[in-house]
Amino acid sequence: MVTIKSKGEIEKMREAGRVAMLAQKAVEEAIRPGISTWELDKIAENTMRANGAIPAEKGYPSGVKGVPDFPGSICASVNDEIIHGIPSKNVILKEGDIISVDLVAYKDGFNGDCARTYAVGKIDKVTERLIEVAKEAFYEGIKYAKKGNRVGDISHAIGEYIHQNGFGLVREFQGHGIGREMHEDPGVPNFGKAGKGLRLEPGMTIAVEPMIMVGSEEILELDDGWTIVTEDGSNAAHYENTILITENEPEILTKL
Ligand code: MG
């Protein structure tokens, strides 16, 4: 179901988004060679709880028999891991790695969802560009996140930008409506046809999230039932914000 948020609800989404970004900031400041993704998870969780929120990803149902609910407070996806990496004491970051951190703060009945990819120390030029293009693709997409446009306008702009810059994109996972639920309608793919899909209206809140890779667009799921990786082992990056459709320009809700 697509939900249109009231003024009061939008205010709560701004606050959930602010806390989500506080957690991102805390994680970003802690990233260094030698830290585990489990430690980053705790930093994010502590930041959210200290600000009256809970980590909405923790306990998220897998929906698959035999696969446990998500155990982490963040998704921590290193190098060729695209999304849904499980934080672990055994995953220690090292110089030259990249890590995508996707987290959702739930506060006062509403969710704020954002993802960033961070460099651990010095990384190679192609991977630097990969991280930039994921972010730039988000901004290309939200140029079209305006009243009267359609979801496909956003999707098309994102997909074109990624391919024009020589990177691959993920088709199997997508952005989404967000509000009281972490995942609401509509789906917001990272590729598609301009002029197609749901018409955007003020009060809609959506998470727009390009997921891109250096090499082949083929992906795999690891045996843990969660982690999604590139089939060819090439690096992947993720950039996401929760945004509000307004009468004019979209507003980014996951901001400090
Ligand atoms: Mg997310």
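Is D108 buried or exposed? D108 is exposed, because its relative accessible area is 53%, where exposed means over 50%, buried under 20% and partly exposed in between (1.4 Å probe, protein chains only). This is a predicted model, in which local features need pLDDT of at least 70, side-chain atom pairs count only at pLDDT 80 or more, and totals for chains, interfaces and linings use all residues. Residues are numbered from 1 along each chain as its sequence is written, and side-chain values use heavy atoms, with hydrogens and water left out.

**Backbone**
- Most residues other than glycine have a negative phi, and most peptide bonds are trans.
- D108, which is not a glycine, has a positive phi of about 55 degrees.
- D108 belongs to the loop between β4 (98–107) and β5 (110–119); strands are DSSP runs of E, at least two residues, numbered from the N terminus.
- N79 also has a positive phi, near 55 degrees, and is a residue other than glycine.
- The loop between β2 (75–78) and β3 (81–83) holds N79.
- N79 counts as buried because its relative accessible area is 18%.
- D185 and P186 are joined by a cis peptide bond, with omega about 0 degrees.
- P186 is part of strand β8 (residues 184–188).

**Surface charge**
- A patch of negative charge on the surface brings together E172, E218, E231 and D232.
- Patch residues have over 30% relative accessible area and no salt bridge, and like charges are joined within 9 Å; a salt bridge is a side-chain nitrogen of Lys or Arg within 4 Å of a carboxyl oxygen of Asp or Glu.
- E231 sits in the loop between β12 (228–230) and β13 (236–238).
- E231 is partly exposed, because its relative accessibility is 46%.

How values were computed: Patch = residues over 30% accessible without salt bridge, like charges linked within 9 Å, V, L, I, M, F, W, Y side chains within 5 Å. Areas by Shrake-Rupley, 256 points an atom, 1.4 Å probe, with all protein chains shown as cover. Lys, Arg positive; Asp, Glu negative; His and termini not counted. Charge placed at Lys NZ, Arg CZ, Asp CG, Glu CD. Helix = DSSP H or I, 4+ residues; strand = E, 2+ residues; numbered from the N terminus.
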